Amino acid sequence: MDFQPVERASEAFQQSLTAEEIGKVCRRAFGDAATPVSAVELGAGMYNNVYRVSLAGRARPVILRVAPDEGRQFRSERHLMRNEYGSVPWLAVIASLMPQVLAAW
């Protein structure tokens with residue numbers, strides 16, 4: 001696989017996946033026959049890592065978004081990307097606090 005990660009310092013918040021990890025994610029998402037041909041990390045994000053992955057037999061590439069390891073996240077950020085407000089980070093924080101606010105009423 002042609003793999004192009006973004007080079008970062010070992011202590012940087014974001015850490016790239018390996019080519020092997022990208023292959024495992026693709027097989028989990030698209031089945032055992034999914035074979036990544038190339039993966040290019042798009043380095044514009046500040047929270048998650050984003051890859052453009054071309055798969056054998058597919059005309060269009062897929063976008064893979066990967067959250068940081070849970071140990072590197074604040075409690076309010078956990079599952080942020082699963083949240084429907086994930087595209088607007090400050091709304092995701094508010095949404096994650098709503099159950100506690102409602103319980104206090």
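Trainee: What makes R8 count as partly exposed?

Mentor: Buried means under 20% relative accessible area, exposed means over 50%, and partly exposed is in between (1.4 Å probe, protein chains only). R8 has 24% relative accessibility, so R8 counts as partly exposed. Before we go on, a word on the source: this is a predicted model, where local features need pLDDT of at least 70, side-chain atom pairs count only at pLDDT 80 or more, and totals for chains, interfaces and linings use all residues. Residues are numbered from 1 along each chain as its sequence is written, and side-chain values use heavy atoms, with hydrogens and water left out.

Trainee: Why is E7 called exposed?

Mentor: E7 has 72% relative accessibility, so E7 counts as exposed. E7 lies in the loop between β1 and α1. From C-alpha to C-alpha, E7 is 9.4 Å from G43, although the two are 36 residues apart in sequence.

Trainee: What counts as a helix or a strand, as in the two helices and four strands of this chain?

Mentor: Both are DSSP runs, numbered from the N terminus: helices are H or I with at least four residues, strands are E with at least two. By that rule the chain has two helices and four strands. From the N terminus on, they run β-α-β-β-β-α.

Trainee: How do you know that E41 forms a salt bridge with R8?

Mentor: A salt bridge needs a side-chain nitrogen of Lys or Arg within 4 Å of a carboxyl oxygen of Asp or Glu. For E41 and R8, the closest N and O atoms are 2.9 Å apart. E41 lies in strand β2 and R8 in the loop between β1 and α1, so the pair ties together parts that are 33 residues apart in sequence.

Trainee: Is E41 buried or exposed?

Mentor: E41 is buried, because its relative accessible area is 5%.

Trainee: How many salt bridges does the rule give?

Mentor: Two. E20 also pairs with K24, the closest N and O atoms being 3.4 Å apart. Both lie in helix α1, four residues apart, about one turn of the helix. E20 is exposed at 55% relative accessible area, while K24, at 48%, counts as partly exposed.

Trainee: What makes β2 and β3 a pair of strands?

Mentor: Two strands pair if DSSP finds at least two bridges between them. Six bridges join β2 (residues 36–42) to β3, and the two run antiparallel. A39 has V53 as its bridge partner in β3, and E41 stands opposite Y51. A hairpin joins β2 to β3 through six residues.

Trainee: Which way do β3 and β4 pair, and over how many bridges?

Mentor: They pair in the antiparallel sense, over five bridges. V50 stands opposite R65 in β4. β3 and β4 also form a hairpin, with six residues between them. In that turn, G57 has a positive phi of about 85°.

Trainee: What order do the strands take in the sheet?

Mentor: The open sheet has four strands in the order β1-β2-β3-β4, with mixed pairing. β1 (2–4) and β4 are the edge strands, since each pairs on one side only. The twist averages 20° from one strand to the next.

Trainee: Where does α1 lie?

Mentor: α1 lies across β1, β2, β3 and β4, at about 70° to β3. Axes are lines fitted to C-alpha atoms, for helices over the stretch in contact, and angles run from 0 to 180 degrees between N-to-C directions.

Trainee: Why is β3 said to be largely enclosed?

Mentor: Five of its seven residues are buried, so β3 is largely enclosed by the rest of the structure.

Trainee: Which residues make up the largest nonpolar core?

Mentor: A nonpolar core is a set of buried Ala, Val, Leu, Ile, Met, Phe, Trp, Tyr and Cys residues joined through side-chain atoms within 4.5 Å. Here the largest has ten residues: L17, I22, C26, A39, Y51, V53, L55, V62, L64 and V66. α1 (19–30), β3 (49–55) and β4 (62–66) each give two or more residues to this core.

Trainee: Which residues does I22 touch?

Mentor: Contact means heavy atoms within 4.5 Å. Not counting residues up to four places away in sequence, I22 touches F3, L17, A39, Y51, V53 and L64.
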